[in-house]
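Here is a short briefing to read alongside the sequence and the 3D view. Keep both open and follow the residues topic by topic.

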Amino acid sequence: MSELKRALGPVMLWGLGVGYVISGMYFGWNLGLPLGGSLGMAAAIVFATILYVTFIFSYAELACAIPRAGGAFDFGLRAFGPTGGLVLGVAQLVEFLFAPPAIAAAIGAYFNLFFPAASPAAIAIVAYVLFTALNIWGVKQAAAFELVVTIAAVGELLLFMAVTAPRFDVALFARDALPHGWGGALACLPFGVWMYLGIEGVANVAEEARDPHRDIVRGFGWAIATLVVLALGVFVTSVGVAGWPAVVYPSPGAAPSDSPLPLALGHVVGGRGPMFHLLVTVGLFGLVASFHGIVLAAGRAAFELGRTGYAPAFIGRVNPRTRTPAAALVVNAVVGITAILSSRTGDLIVLSGFGALTLYAFSMVALFALRRRVPALARPFRAVAYPWFPAIALVLALISLGAMAWTNRPVAAVYAAIVVGAGVYWKLASKRRSGRRPEGPAGAPGP
């Protein structure tokens with residue numbers, strides 16, 4: 001069996017879209033502050049905001065026209081054949097495989113605030129096991145849970161902004177605003193992207209939407225509007241409380257923290273008390289929402305690679321009882337737990353960013369190619385301000401990708417090795433298949 005269950009409406013898709021991303025407001029972005037300061041990080045966030053707004057209102061055309069679980073993989077396959085599917089499929093999988101371990105590490109760090117004796121790595125591994133099991137149980141149950149924790153997380157961020165905004169100080173926000181010049185601002189780009197990374201995962205559940213041609217656009221639009229408000233608000237109010245070092249380092253000389261919002265709150269309500277503990281506890285919902293949501297999307301991305309012959313066939317099988325991609329979810333969990341044990345949150349964020357930006361750039365190329373090559377393709381939604389929005393998204397994604405490669409060369413080398421290794425596997429596997437053509441979207445060429 002290889003068909004997924006249709007159970008999602010626009011509100012649940014909004015919950016997934018916001019939930020995939022919302023952990024980026026809770027942690028990770030602060031790791032860019034030592035590189036670029038408050039001004040450099042602000043520039044990176046504004047840059048990323050323009051990138052994502054133009055990208056999402058272009059990407060929605062592809063998601064509505066080709067509503068498949070593989071998302072970008074299926075768009076590349078339809079536009080460019082097997083090679084295009086391979087590039088976009090691997091990029092998407094890298095993004096969705098390596099974002100969850102970074103988020104799980106942050107979950108461990110937040111729990112450690114309350115239970116110092118607990119191992120953050122052990123907590124992260126437990127999270128992987130629990131939420132993989134929830135996703136195997138059923139997509140409707142998983143999406144309903146995601147909606148609940150996402151609403152709680154959005155409410156918590158609004159409360160956080162309400163508590164910290166009155167303490168905003170322009171002088172503190174602007175102190176040491178550009179410590180390494182504009183080169184430092186370039187180094188901030190992956191952390192600006194991190195504040196929105198993952199929203200494209202809505203496309204990966206299009207096959208499970210009740211009315212994908214209508215509901216996907218609503219889910220994308222409502223989600224990006226919510227996220228822009230949250231990203232800009234959280235950044236400004238956090239840094240403005242006591243300056244950017246206060247949301248990076250728990251104490252002078254300490255290692256950078258994975259929990260910047262509690263650090264900011266500590267300067268407003270103190271490091272204890274009911275308000276502090278309430279906000280930090282509810283803050284876990286944001287991390288859980290993104291972790292759980294991206295695990296869900298990653299399962300669909302890996303499942304489609306298995307279903308179409310780009311990965312081992314067992315990954316492309318659906319659990320006959322729950323109609324969920326159980327095998328793909330388990331394999332992803334094994335990879336994620338291995339990554340957690342590396343204890344390199346910053347590198348995992350950058351590696352995930354490489355996959356995301358490759359996806360953004362090549363998806364826009366696929367959009368242009370399909371407009372030219374398949375003009376008769378049914379497009380229930382057309383990209384806003386075509387060709388300008390997709391062109392802007394393409395250029396900004398390429399600039400970001402180049403800047404990330406320049407400032408993160410070791411991680412870029414790892415990403416290149418993953419892409420090359422996937423290509424070698426696919427070539428060898430295609431020979432063993434002895435001419436079998438994989439199942440794919442209607443009209444899509446197989447390998």
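**Helix packing and the core**

The axes of H5 and H15 come within 7 Å and cross at roughly 150°. H5 and H15 are therefore roughly antiparallel to each other, since an angle over 145 degrees counts that way. Please bear in mind that this is a predicted model.

**H5 against H15**

- H5 passes H15 in a left-handed crossing.
- On the H5 side, the residues that meet H15 include Val87, Leu88, Ala91, Glu95, Phe98 and Pro101.
- On the H15 side, the residues that meet H5 include Leu348, Ile349, Gly355, Leu359, Tyr360 and Phe362.
- Sorted by class, the contact of H5 with H15 has 16 nonpolar, six polar and one charged residues.

**H3 against H15**

- Helix H3 covers residues 33–65, and its axis comes within 10 Å of the H15 axis, with a crossing of roughly 45°.
- That angle makes H3 oblique to H15.
- The crossing of H3 and H15 is left-handed.
- Eleven nonpolar, two polar and two charged residues make up the contact of H3 with H15.
- From H3, the contact residues include Leu51, Tyr52, Phe55, Tyr59 and Glu61.
- From H15, the residues that meet H3 include Leu357, Tyr360, Met364, Leu367 and Arg371.

**The largest nonpolar core**

- The largest nonpolar core has 157 residues, and Ile22, Met25, Trp29, Tyr59, Phe220 and Tyr360 touch the most other members.
- Helix H5 (residues 82–114) gives the largest share of this core, 16 residues.

**The loop between H15 and H16**

- Pro387 is placed in the loop between helix H15 (345–373) and helix H16 (388–407).
- The peptide bond that joins Tyr386 and Pro387 is cis, with omega about 5°.
- Ala385 is placed in the loop between H15 and H16 too, and has a positive phi of about 50° although it is not a glycine.
- With a relative accessible area of 38%, Ala385 is partly exposed.

**The loop between H8 and H9**

- Asp176 lies between helix H8 (170–174) and helix H9 (181–187), in the loop.
- Asp176 is not a glycine, yet its phi is positive, at about 50°.
- The relative accessibility of Asp176 is 46%, so this residue counts as partly exposed.

**Residues that meet across the sequence**

- Asn135 lies in helix H6 (residues 120–137) and counts as buried, at 0% relative accessibility.
- Setting aside residues up to four places away in sequence, Asn135 touches Ala142, His292, Val295, Leu296, Arg300, Thr324 and Leu329.
- Asn135 and Thr322 are 187 residues apart along the chain, and their C-alpha atoms are separated by 9.6 Å.
- Val163 lies in helix H7 (residues 139–164).
- At 19% relative accessibility, Val163 counts as buried, because the cut-off is under 20%.
- Val163 and Met275 are 112 residues apart in sequence, and C-alpha to C-alpha they are 9.6 Å apart in space.

Methods: Residues are numbered from 1 along each chain as its sequence is written. This is a predicted model: local features need pLDDT of at least 70, side-chain atom pairs count only at pLDDT 80 or more; totals for chains, interfaces and linings use all residues. Side-chain values use heavy atoms; hydrogens and water are left out. A nonpolar core is a set of buried Ala, Val, Leu, Ile, Met, Phe, Trp, Tyr and Cys residues joined through side-chain atoms within 4.5 Å. Buried means under 20% relative accessible area, exposed over 50%, partly exposed in between (1.4 Å probe, protein chains only). Helices (H or I, at least four residues) and strands (E, at least two) are DSSP runs, numbered from the N terminus. Axes are lines fitted to C-alpha atoms, for helices over the stretch in contact, and angles run from 0 to 180 degrees between N-to-C directions. Angles under 35 degrees count as roughly parallel, over 145 as roughly antiparallel, 65 to 115 as roughly perpendicular and the rest as oblique. A crossing is left-handed if the near helix is turned anticlockwise from the far one by less than a right angle, and right-handed if clockwise. Contact means heavy atoms within 4.5 Å. Ala, Val, Leu, Ile, Met, Phe, Trp, Tyr, Cys and Pro count as nonpolar, Asp, Glu, Lys and Arg as charged, and the others, Gly among them, as polar.
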